[in-house]
Amino acid sequence: MKRSLTLTPLSREHHQALVFSKRLKEIFNAPSDKQLQQWLTFKPLLVAALLPHFEEEERYFLHELGVPSQHHLIQHMLQDHQSIRDYIDAQELDKLSVFADLLKAHVRFEERELFPWLEETYALN
């Protein structure tokens with residue numbers, strides 16, 4: 001799918017998020033005595049990649065583009081971002097599979113719904 005030049009960097013980062021989703025599933029399926037160590041090693045990578053990505057999307061869409069925060073697509077994005085932050089903070093290893101599914105669904109939502117709407121509505125090139 002061709003992306004506007006404006007959204008291409010964010011879109012490229014979504015591939016990494018899908019890889020992270022797969023890694024979360026692997027940690028979830030690891031032997032229980034290995035899960036915590038793998039999670040603690042992986043968590044800083046998640047934090048370093050996802051949190052700045054979320055901040056960039058929120059800043060750009062809400063402040064630079066001026067998309068109303070009440071718009072249902074923006075509300076969906078913000079709720080997903082907060083849920084993902086909550087999963088990262090909670091460290092509930094028994095929910096890593098659910099976390100992985102949420103991360104994957106979030107990327108799909110942004111790529112299939114939010115980004116196309118932004119490109120069309122805000123005439124992004």
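Helices H2 and H3 cross each other in a left-handed way, and that crossing is a friendly place to start. Please keep in mind that this is a predicted model.

**How H2 packs against H3**

- The axes of H2 and H3 (residues 72-90) lie 10 Å apart, at an angle of about 160°.
- An angle over 145° counts as roughly antiparallel, so H2 and H3 are roughly antiparallel.
- On the H2 side, the contact includes Trp 39, Leu 46, Leu 50, Phe 54, Phe 61 and Leu 62.
- H3 contributes Ile 74, Met 77, Leu 78, His 81, Ile 84, Arg 85 and Ile 88 to this contact.
- Sorted by class, the residues where H2 meets H3 are 13 nonpolar, one polar and five charged.

**How H1 packs against H2**

- Helix H1 covers residues 8-29 and helix H2 covers residues 32-64; their axes come within 10 Å and cross at roughly 155°.
- These two helices are therefore roughly antiparallel to each other.
- The crossing of H1 and H2 is left-handed.
- Among the H1 residues that meet H2 are Leu 10, Ala 17, Phe 20, Leu 24 and Ile 27.
- Their partners in H2 include Trp 39, Phe 42, Leu 45, Ala 49 and His 53.
- This contact of H1 with H2 has 13 nonpolar, six polar and five charged residues.

**How H3 packs against H4**

- H3 and H4 have axes that come within 10 Å and cross at roughly 155°.
- That angle makes H3 roughly antiparallel to H4.
- H3 passes H4 in a left-handed crossing.
- From H3, the residues in contact include Leu 73, His 76, Asp 80, Ser 83 and Tyr 87.
- From H4, they include Val 98, Phe 99, Leu 102, His 106, Phe 109 and Trp 117.
- By class, the H3 and H4 contact divides into 13 nonpolar, four polar and three charged residues.

**The shape of H2**

- H2 has 33 residues and, at 1.5 Å a residue, should span 48 Å; the C-alpha atoms at its ends are 45 Å apart, which agrees.
- A bend of about 30° falls at Phe 42 in H2, and Pro 44 follows within four residues.
- After H2 comes Gly 66, which has a positive phi near 75°.

**The shape of H4**

- H4 runs over residues 96-121, and its 26 residues should span 38 Å at 1.5 Å a residue; its end C-alpha atoms are 35 Å apart, in agreement.
- A kink of about 40° in H4 is centred on Glu 110.
- Glu 110 is also one of the H4 residues that meet H3.
- Just after H4, Ala 123 has a positive phi of about 45°.

Definitions and conventions: Residues are numbered from 1 along each chain as its sequence is written. This is a predicted model: local features need pLDDT of at least 70, side-chain atom pairs count only at pLDDT 80 or more; totals for chains, interfaces and linings use all residues. Side-chain values use heavy atoms; hydrogens and water are left out. The expected span of a helix is 1.5 Å times one less than its number of residues. The bend at a residue is the angle between axes fitted to the seven residues ending there and the seven starting there. Axes are lines fitted to C-alpha atoms, for helices over the stretch in contact, and angles run from 0 to 180 degrees between N-to-C directions. Angles under 35 degrees count as roughly parallel, over 145 as roughly antiparallel, 65 to 115 as roughly perpendicular and the rest as oblique. A crossing is left-handed if the near helix is turned anticlockwise from the far one by less than a right angle, and right-handed if clockwise. Contact means heavy atoms within 4.5 Å. Ala, Val, Leu, Ile, Met, Phe, Trp, Tyr, Cys and Pro count as nonpolar, Asp, Glu, Lys and Arg as charged, and the others, Gly among them, as polar.
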